[in-house]
Amino acid sequence: MVVPVSAGPYPAYRDSGVEWLGEVPEHWEVRPFRRILRESLKYGANEAAELDDPNLPRFIRITDIDDTGHLRDETFRSLPVAIAEPYLLESGDLLFARSGSVGRTFLYDDSWGTCAYAGYLIRARVDLAKVISKFISYFSASHSYMNWLRTVAIQATIENVSAERYARMPIPLPPLDEQRTIAAFLDREAERIDALVAKKRLLIERLEEYRTALITRTVTRGLPPEAARAAGLDPAPRLKPSGMEWLGDVPEHWEVRRLANVIQCLDGRRVPLNAEERSERQGDFPYWGANGVLDYLDDWLFDEPLVLLGEDGAPFFAPNKRVAFSVSGRIWVNNHAHVLRPDGIHQEFLMHLLNITEYAAFIDGSTRDKLTQGDMNGIPVLLPPTEEQAEIARYLRAEVADLDLVAYRVERAIERLQEYRTALITAAVTGKIDVRESAEGPASIVAEG
């Protein structure tokens, strides 16, 4: 449970004149963004991101900026010096996304090395005699900023907020020393919240790893000894080589088949729908693709127990991949998932097997990761006796449900922490709370471990 900081309101307020901002402390100003800039807002370089030379200036694009306002290492691209030079950043510069992920921002400092920025980003170089960059960066992480974006975003094929609109954005502005105090306070509190979130994300990773290990061990070796005894099965069956390195040894009494031998492929009945068609057919029946439910439609193609396996666009090489789903009832399936009718194999057992399969030998990666029907048919499948498959499926259903419930609760806790973080930032940068006495005080939040 998060306990709010012990910071009360300011002594006096006045109307800001901005509907989405409301009242601000009496001694604060509200200025258009352009009035606190040292230079006019500037669009970035319209250049292709073709180089990845670490000795050249980094080329920052919208896709390089993550949700926390940091740069992703795995998307590094660079520009030749001569092209990058007019767009080089200075410490304290802010970048605002003008399309796509509108509102995403990045505060640059020298620790990122020499960087230039792309055309779908807008550079703001603030006047340090009037404002500190960190204060504006925190403002751009507030609910108030998002409310402003909603009022100005141009709805076209994609949202777009121009430099002209950013220039008119109202900014609540305390005195410079108070900006520093607010930024220091938020640095401290955000660091604590982010540390809690990081711990919880690590817990989710561990849960996912354990989940995958549990499923892998059970569908390749059988039930754990105690569960096997309870089900009347051999707790220590003799093993034999499966013939596949990634499967290893398997129980001697299990068969090894090809996937084509234990399913009927119903891909011929898949029908893709575009976004407009889906919006016109809103209903109660899931519309499935490679990564789960995409929409709900007013009719269906299938009404039976099935296993759906990604054809393309699925995370085939993710560490704890989920590329197969066990589904029942009335559904529609697009052309990005194979539709498999189990024939002599338990539906859930097959799903688990497909989720632990090593797909490197079966994927056509010429243009994108794609599992063709022909390659899919050759996937090896372990086949215990029917009763044993059912016991394994029953055991995993209960165990995985417990793990997924814990993971769900941790995810909700992360959401609450992130909501609190945004609410705290919003309250501080809009003057709803006075943190001047709290900035150097004792720890002001506690949370469950």
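The questions and answers below concern this predicted model.

Me: How many residues does helix α10 have, and what span is expected at 1.5 Å a residue?

Reply: Helix α10 covers residues 386-429, which gives 44 residues. From its first C-alpha to its last the helix reaches 63 Å. That is close to the expected value, 64 Å.

Me: Which residue just after α10 takes a positive phi?

Reply: The place to look is just after the end of α10. The phi there is about 80°, and the residue is G431.

Me: Is C115 buried or exposed?

Reply: Buried means a relative accessible area under 20%. The value for C115 is 1%. Because 1% falls under that cut-off, C115 counts as buried.

Me: Which strands pair with β6, and in what sense?

Reply: Strand β6 spans residues 94-97, and L94, F96, L95 and A97 are all buried, so both faces of the strand are covered. Strand β7 (residues 105-107) pairs with β6 over 3 bridges, and F96 has T105 as its bridge partner there. Strand β9 (residues 121-124) pairs with β6 over 4 bridges, with L94 opposite A124. The partners are β7 and β9, and the sense is antiparallel.

Me: How far apart in space are A324 and G310, C-alpha to C-alpha?

Reply: A324 is in strand β21 and is buried, with a relative accessible area of 3%. Its contacts beyond four places in sequence include V307, L308 and L309. A324 and G310 are 14 residues apart in sequence, while their distance in space is 6.5 Å.

Me: Which side chain meets D67 in a salt bridge?

Reply: D67 is exposed, at 70% relative accessible area. Its salt bridge has an N to O distance of 2.7 Å, and the partner is R104. The pair links distant parts of the chain: D67 is in the loop between β5 and α1, and 37 residues away, in the loop between β6 and β7, is R104.

Me: Which parts does the salt bridge between R278 and D295 tie together?

Reply: The side chains of R278 and D295 meet at 2.7 Å, N to O. R278 lies in a helix and D295 in a strand, so the pair ties together parts 17 residues apart in sequence. R278 is buried at 18%, and D295 is buried at 19%. The two parts are helix α7 and strand β18.

Me: How many salt bridges are counted in the model?

Reply: One of them joins R341 and E304, at 2.8 Å, N to O. The count comes to 33.

Technical notes
Residues are numbered from 1 along each chain as its sequence is written. Side-chain values use heavy atoms; hydrogens and water are left out. The expected span of a helix is 1.5 Å times one less than its number of residues. Buried means under 20% relative accessible area, exposed over 50%, partly exposed in between (1.4 Å probe, protein chains only). Two strands pair if DSSP finds at least two bridges between them. Contact means heavy atoms within 4.5 Å. A salt bridge is a side-chain nitrogen of Lys or Arg within 4 Å of a carboxyl oxygen of Asp or Glu.
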